[in-house]
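Trainee: I want to learn how to read the fold of a model. Can we work through one together?

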Amino acid sequence: MGELTKLIETYCKNKITRFHMPGHKGNAPILKKLGAPYDITEIKDADVLFYAEGVLARLEDRYSDLYQSTTVLSAGGSTLCIQAMLALAKQQGDTILAARNSHVAFINTCALLDLKPIWITPNYDSSTGLLQQPTANQIELALQQNPQVHTVYITSPDYMGLMADISAISKVCHQHQAKLIVDSAHGAHLKFTSEDLHPITLGADLCCCSAHKTLPVLTGGALLHAKGYSSTELKSKMALFGSTSPSYLILQSLDYCADYLEQQAKEDFQQLEEERDYISSICQQNNLKLLGQDPTKWTLDGFAVGQTGEKLTEHFREYKIEPEYTNYDHTVFMVSPFNSSTDFARLDAAINSVTKKTPLQHATFSFPESIQLLTPREAVFSATESLSIFDAIGKVCAENKITCPPGIPIITAGEQLTYQHCDLLKNSGILTINVVK
């Protein structure tokens with residue numbers, strides 16, 4: 001049991017009268033089932049997250065040792081970490097080179113900080129129906145064309161389980177005196193796989209990980225990792241955006257997770273890799289394609305057996321399996337060591353009973369051309385009007401239009417709306433849009 005958890009356990013056992021926040025006092029009947037007695041505020045010895053000197057600072061030291069980086073805690077998910085990372089990036093200049101498949105949290109933070117993204121458009125693989133990760137060559141060319149840029153921002157692993165060559169990309173960035181920031185919200189486990197593939201290990205300067213996505217942590221628990229920055233620098237930027245009332249339930253789950261990472265994670269994730277290899281062989285026997293490299297993200301290509309992702313997902317639901325995400329082409333499962341043997345047996349049975357039809361061809365795809373008429377900040381804070389998407393063609397978008405998941409904007413604030421955008425928006429069920437007046 002971690003130090004923070006012991007402190008709060010003792011506090012609860014001592015039946016202290018709580019003349020402090022939160023208002024439920026640990027007694028609200030329904031909230032008791034949700035852990036209300038353990039939901040505290042910054043009581044004596046519980047420390048203060050953004051100015052930690054005691055129990056939370058020691059917990060962060062444990063994570064720093066585990067990840068071999070300067071690591072601080074977030075109870076505001078990876079979004080808070082992204083805001084802090086980009087606030088640090090702004091010290092290098094207000095222009096940033098970014099992959100176009102970045103999460104909407106990146107664009108929103110650009111608007112808040114008045115950062116100006118220059119996009120790297122990922123290539124599309126028509127054999128899988130997936131956008132590829134940006135390559136070191138693409139990034140080197142972009143840095144050569146934009147020598148004023150000193151920060152590069154990518155996402156790895158992405159939502160479909162594809163991983164960038166961070167080692168090669170980081171070398172290119174550093175050759176051009178640029179920092180590499182990696183949104184690794186889906187990669188908290190990568191330090192504990194059979195090969196250490198964590199972005200910091202591979203050369204990234206800053207990296208965020210949503211611990212709750214792949215580790216035993218409550219939703220909202222995340223980690224901000226860095227090389228070459230102090231915890232004080234990281235937290236000073238987090239404090240600009242984060243709540244001064246962090247959830248101690250989330251922090252306790254991070255405390256528990258530190259125990260798990262120290263004692264069990266390496267063995268568990270290696271077993272999970274073996275399970276993935278087994279499921280991959282079952283997929284091959286049934287003509288299904290298991291895509292991606294991330295051992296916790298199992299993306300099935302329905303087109304390989306002549307089925308849409310929606311149809312494939314309906315089939316899995318008949319076996320009481322609920323996937324993470326479904327689109328027209330794919331079904332995505334997020335897997336962790338805390339899935340049970342029953343879970344894997346159901347998946348095995350479901351894959352073995354998939355109906356096989358003539359394979360379908362993935363449609364060609366490319367991001368619409370980005371015509372940036374205003375910066376994200378200028379657009380977001382302009383006077384706006386709401387129009388139907390086709391009436392808005394030619395106007396400047398005043399918001400980031402996304403489907404979530406996966407949270408990648410179809411059009412970003414400041415871009416000019418085109419027919420191609422409208423087709424994508426319509427296909428996603430989005431029929432109105434806010435534009436600059």
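Trainee: Which order do the strands of the open sheet of 7 strands have?

Mentor: Some ground rules come before the answer. This is a predicted model, where local features need pLDDT of at least 70, side-chain atom pairs count only at pLDDT 80 or more, and totals for chains, interfaces and linings use all residues. Residues are numbered from 1 along each chain as its sequence is written, and side-chain values use heavy atoms, with hydrogens and water left out.

Mentor: Now the general idea. Strands in a sheet pair through backbone hydrogen bonds, either parallel or antiparallel. Here, two strands pair if DSSP finds at least two bridges between them. Strands (E, at least two residues) and helices (H or I, at least four) are DSSP runs, numbered from the N terminus. In this structure the order is β1-β9-β8-β7-β6-β2-β3, and the pairing is mixed. The edges are β1 (70-74) and β3 (116-120), each of which pairs on one side only. On average, neighbouring strands of this sheet are turned by 20 degrees against each other, direction ignored.

Trainee: How many bridges join β7 to β8?

Mentor: There are 3, between β7 (residues 179-183) and β8 (residues 206-209), and the two strands run parallel. D183 stands opposite C208 in β8.

Trainee: Where do helices lie against this sheet?

Mentor: Angles first. Axes are lines fitted to C-alpha atoms, for helices over the stretch in contact, and angles run from 0 to 180 degrees between N-to-C directions. Contact means heavy atoms within 4.5 Å. Helix α7 (residues 166-175) lies across β6 (151-155) and β7, at about 150 degrees to β7. Helix α9 (residues 231-238) lies across β1, β8 and β9 (222-226), at about 25 degrees to β1.

Trainee: At what angle do α4 and α5 pack?

Mentor: Helix α4 (residues 77-89) and helix α5 (residues 104-113) pack at about 45 degrees, with axes 10 Å apart. That makes α4 oblique to α5. For the wording, angles under 35 degrees count as roughly parallel, over 145 as roughly antiparallel, 65 to 115 as roughly perpendicular, and the rest as oblique. The crossing of α4 and α5 is right-handed. A crossing is right-handed if the near helix is turned clockwise from the far one by less than a right angle, and left-handed if anticlockwise.

Trainee: Which residues of α4 and α5 meet?

Mentor: T79, I82, Q83, L86 and A87 of α4 meet A105, F106, T109, L112 and L113 of α5. By class, this contact has 7 nonpolar, 3 polar and no charged residues. Ala, Val, Leu, Ile, Met, Phe, Trp, Tyr, Cys and Pro count as nonpolar, Asp, Glu, Lys and Arg as charged, and the others, Gly among them, as polar.

Trainee: How do α4 and α9 cross?

Mentor: Their axes come within 8 Å and cross at roughly 110 degrees. α4 and α9 are therefore roughly perpendicular to each other. α4 passes α9 in a right-handed crossing. L80, C81, A84, A87 and L88 of α4 make the contact with E233, L234, K237 and M238 of α9. Its residues divide into 7 nonpolar, no polar and 2 charged.

Trainee: And what of α6 and α7?

Mentor: Helix α6 (residues 136-145) packs on α7 at about 15 degrees, with axes 9 Å apart. The two are therefore roughly parallel to each other. This crossing is right-handed.

Trainee: How many aromatic pairs does the structure hold?

Mentor: Rings of Phe, Tyr and Trp (its six-membered ring) pair if their centres lie within 6.5 Å; planes under 30 degrees apart count as stacked, over 60 as edge-to-face and the rest as tilted. The structure holds 10 such pairs. F106 and W119 have ring centres 6.0 Å apart and planes at 65 degrees, so the pair is edge-to-face. F106 lies in helix α5 and W119 in strand β3, so the pair ties together parts that are 13 residues apart in sequence.
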